[in-house]
Amino acid sequence: MRILALWFILLLPGLSWAEETNTRPDNHKSNRNILPIGDVFRPLLADPKEPRFFVSFHKTKSPVSNFNSASVGVGQNFGLLRWKKNNGKDGWQLGWFAGLFSQFNLDGASNDLLNTDFTIGIPVTWRNGPWSARYRIFHQSSHLGDELLLGNQAPVRENLSFEKIDAVFSYEWKQWRLYAGAGYL
């Protein structure tokens, strides 16, 4: 952690603070930005644990019961540092992200909370034309809801948390996007 803080302090003098004011006195544009807007890696649309804001409704079927459920996600990626290439769209970015993802039983007496997952991590993203990639290390902890634990068929309570490293590679062509990735717990 100390090395990361020292690295940040050493890079700070050459960084610009906003996209609109990223010129130096000699009128050359800086290729580094602090707290950039957006990311060089576009978010994955089909990933239920992508940090974003969403609500979805489902018909849930399990061996124990069938019920209506809802999933809610609250999260965001925040850019810390970006190193841009000449066109401004390509380059590298370092950031952090946080997310909260919950599932509810809508047929329960009080829209019972079933589970909540908390995630926090550090992504490093890269883009060069149609190619992009994201490498992340993050922590996730999962917590069963009180109503589920107090129910008639309550599962055995277990504190579940883990650290994960994952990587996703992407290629964009016209309106299509192909991506693949892997992770290690």
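Mentor: Buried means under 20% relative accessible area, and exposed means over 50%, with partly exposed in between. Keep in mind that this is a predicted model.

Trainee: Which label do Asp-166 and Arg-136 get?
Mentor: Both Asp-166 and Arg-136 are buried. Their side chains also meet in a salt bridge, at 2.9 Å from N to O. Asp-166 is in strand β7 and Arg-136 in strand β6 (residues 131-144), 30 residues apart.

Trainee: Why is the contact of Asp-117 and Lys-49 called a salt bridge?
Mentor: The cut-off is within 4 Å, from a side-chain nitrogen of Lys or Arg to a carboxyl oxygen of Asp or Glu. For Asp-117 and Lys-49 the N to O value is 2.2 Å, so the pair qualifies. Asp-117 lies in strand β5 (residues 112-128) and Lys-49 in the loop between β1 and β2, so parts 68 residues apart in sequence are tied together.

Trainee: What makes Asp-117 buried or exposed?
Mentor: Its relative accessible area is 7%. Buried means under 20%, so Asp-117 is buried.

Trainee: Why is Lys-49 called partly exposed?
Mentor: Lys-49 has a relative accessible area of 26%. That value falls between 20% and 50%, so the label is partly exposed.

Trainee: How do you know that Glu-172 forms a salt bridge with Arg-42?
Mentor: Their closest N and O atoms are 3.7 Å apart. The limit is 4 Å, so the pair counts. Arg-42, Arg-127 and Glu-172 are linked in a network of salt bridges.

Trainee: How many salt bridges does the rule give?
Mentor: The count is 5 salt bridges.

Terms used: Residues are numbered from 1 along each chain as its sequence is written. This is a predicted model: local features need pLDDT of at least 70, side-chain atom pairs count only at pLDDT 80 or more; totals for chains, interfaces and linings use all residues. Side-chain values use heavy atoms; hydrogens and water are left out. Helices (H or I, at least four residues) and strands (E, at least two) are DSSP runs, numbered from the N terminus. Buried means under 20% relative accessible area, exposed over 50%, partly exposed in between (1.4 Å probe, protein chains only).
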